[in-house]
Amino acid sequence: MAKAFFRLQKFLRRIQFLLFFLTAAYLMAGSLLLLQRTRLVLQQGSRGTPTNQALPVQEEMSRVGIIDPRTLQNPRPGPRLLVGMDALQEPALDQRHSPHWLMSRNSELRQLRRRWFHRFTSEQEPLQTAGSKAMKHTAEHKGTYMGCFTHDSRERTLKGAVFYDLRKMTVAHCQEACAERAYSYAGLAYGAECYCGNTLPAAAAKPEQCNSECKGEKGSVCGGVNRLSVYSVQQLRAGARPRRNVIYRGCFRAPENLTDTFPASLIQPNLTVEMCSEFCSKKEFPLAVIRGQECYCGYPTRRFSLHEGTDGQHCSGSRNASSAAGGEYCLVYQTPVQDTRCTDRKFLTTKSKVFVALSSFPGAGNTWARHLIEHATGYYTGSYYFDGALYNKGFKGEKDHWRSRRTICVKTHESGKTEIEMFDSAILLIRNPYKSLMAEFNRKYAGHLGYATDRNWKSKEWPDFVNSYASWWASHVLEWLKYGKHLLVIHYEDLKQSLIPKLKEMVEFLNVTVTEDRLLCVENNRDGNFKRSGAKQKNFEPFTQEMKDLINRYILTVDEALRGRNFSGLPREYLPR
């Protein structure tokens, strides 16, 4: 009996050791598998874009002598651009010029960029500071609380400017934004939306119905569902400089009947620009028009579109109101008040039957085009991606599923055959590759509104970036030309120069009817919230001659492909520098 028990004990000890060994082996295998997966995931798109769909028009590329970017340089992938050194392994020398390699490489670049894009947008959201600091800021700047009022997004009571910040909205932030634009009241709703106006809402609500906490300020109330927490901002306006946001628009021929053209007017001896601008701001009009001692307020309209300015000498060559003789000409100023005739937007009430893409290479002005389309049509645009920074600033279609068909069109930078053929039609936005590459490089290192530093431009990452992305600029256009079912080609430069005619084309393509006054409103608000402030001048040329030779060949290829599809070629300014 004892002998049998001893054998059983020995067997169990062996089993225990075997189980321990198997457990250790399992953990080691799992760790190795995880490491291997992190290396391979960079080569596999989350949506499975095939690697043979990056550059479909290879015969055109080879016909004009376009070469692989790495024949000019042989850079190693930069650690910030290409995450994972094995993602783009150097091919054998006999394969580096093959069409298959270039096709595969462009597809991998798209996948890398897509993953980097999602990671970048999440990193762009800064962490909130301590709540005590925000509370202190509010206490210092808070105006008089006027109460809780009803709010209807379709028939707004505060009809001035509108701001969104779904992450960092505070009472002080809203008050300051309204004060800078010379409004008297600031109202907050849904914890993240800010509305400005000069007339207090008429319908009061119960105080407890304003119960939404401010997104960027714990413990503070920012309205509620269809409810506004309204503050007076008179205290802020007293210390503000009333003229700091007044912009001189020029000297124009006065319309035949000013009182019919402009809804509000004032006759004041010794009239000044400040007096007229202040009067029109209180009336919530974006234009202040001065003729002698007469002040008129209104909007750009068909009668007075601001498209045909005259020589400033007709207004006595001065911007002083007293020198604008009462007669044929008048001085026009832009007040701090926002033109709100085109700011209300919504989702489509029924699903769109036509699935439309707004396609562009990164850095080609897609966000700006979305701003124009949304304000012209009154409908939100969607996105193939989710960019939290854009969503927080009012692009509410960012959070809607891109295939919901509740948006007027969908932003995409994708260019694979499968991704293109999912859309019924597309607006293809093209921009000068030199400008696009610089814009995308700025966005990569400094966000939507910032600029990359000189150190970034002079680093090894810039030539790596050009070599990687220049071919993508060409392949993006070529693939949409080949696989797109119904295209409207818009050049960024043409849209910028002739905004209303080109915007009309885009709106008609989207099968939406809009009024001329709404388009003029869009033109008056043309920049939006995602325009970099001016061009940051660099004291050096970022493009080397090798880069220019490479990009210029791509320009010629795309120009020829466009003409081959009976589209107008690229604008002259694209042509080789």
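Residues are numbered from 1 along each chain as its sequence is written. Because the model is predicted, local features need pLDDT of at least 70 and side-chain atom pairs count only at pLDDT 80 or more, while totals for chains, interfaces and linings use all residues; side-chain values use heavy atoms, with hydrogens and water left out.

Helices (H or I, at least four residues) and strands (E, at least two) are DSSP runs, numbered from the N terminus. Two strands pair if DSSP finds at least two bridges between them. An open sheet is formed by 5 strands in the order β14-β15-β13-β16-β17, with parallel pairing. Its edge strands, β14 (382–383) and β17 (487–491), each pair on one side only. Strands β14 and β15 run parallel and are joined by 2 bridges, and G382 stands opposite V410 in β15. An antiparallel pair is also present: 2 bridges join β5 (residues 213–214) to β6 (residues 217–221). These two strands form a hairpin with 2 residues between them, and C214 has E217 in β6 as its bridge partner.

The loop between β15 (410–412) and α11 (417–421) holds H413. With a relative accessible area of 5%, H413 is buried (buried means under 20% relative accessible area, exposed over 50%, partly exposed in between, with a 1.4 Å probe and protein chains only). The side chain of H413 reaches the backbone oxygen of S360 at 2.7 Å.

The whole structure contains 14 salt bridges, each defined as a side-chain nitrogen of Lys or Arg within 4 Å of a carboxyl oxygen of Asp or Glu. In one of them, the side chains of E193 and K396 meet at 2.8 Å, N to O. This pair links distant parts of the chain, 203 residues apart, with E193 in strand β4 (residues 193–197) and K396 in the loop between α10 (388–392) and β15. E193 counts as buried at 8% relative accessibility, whereas K396 is partly exposed at 22%. A salt bridge also joins the side chains of E398 and R370 (2.5 Å, N to O). E398 lies in the loop between α10 and β15 and R370 in helix α9, so the pair ties together parts that are 28 residues apart in sequence. E398 is buried at 2% relative accessibility, and R370 is buried at 0%.

Rings of Phe, Tyr and Trp (its six-membered ring) pair if their centres lie within 6.5 Å; planes under 30 degrees apart count as stacked, over 60 as edge-to-face and the rest as tilted. By this rule there are 27 aromatic pairs. The ring centres of W368 and Y492 are 5.5 Å apart and their planes are at 65°, so this pair is edge-to-face. Since W368 lies in helix α9 (residues 366–377) and Y492 in helix α15 (residues 492–497), the pair ties together parts that are 124 residues apart in sequence. Both W368 and Y492 are buried. One aromatic cluster has members including F361, Y434, W457 and F543.

Helix α1 (residues 2–40) contains L22, which is partly exposed, with a relative accessible area of 46%.

Conventions:
A polar contact is a pair of N or O atoms within 3.5 Å; within protein, one must be able to donate a hydrogen and the other to accept it, and residues adjacent in sequence count only if both atoms are side-chain atoms.
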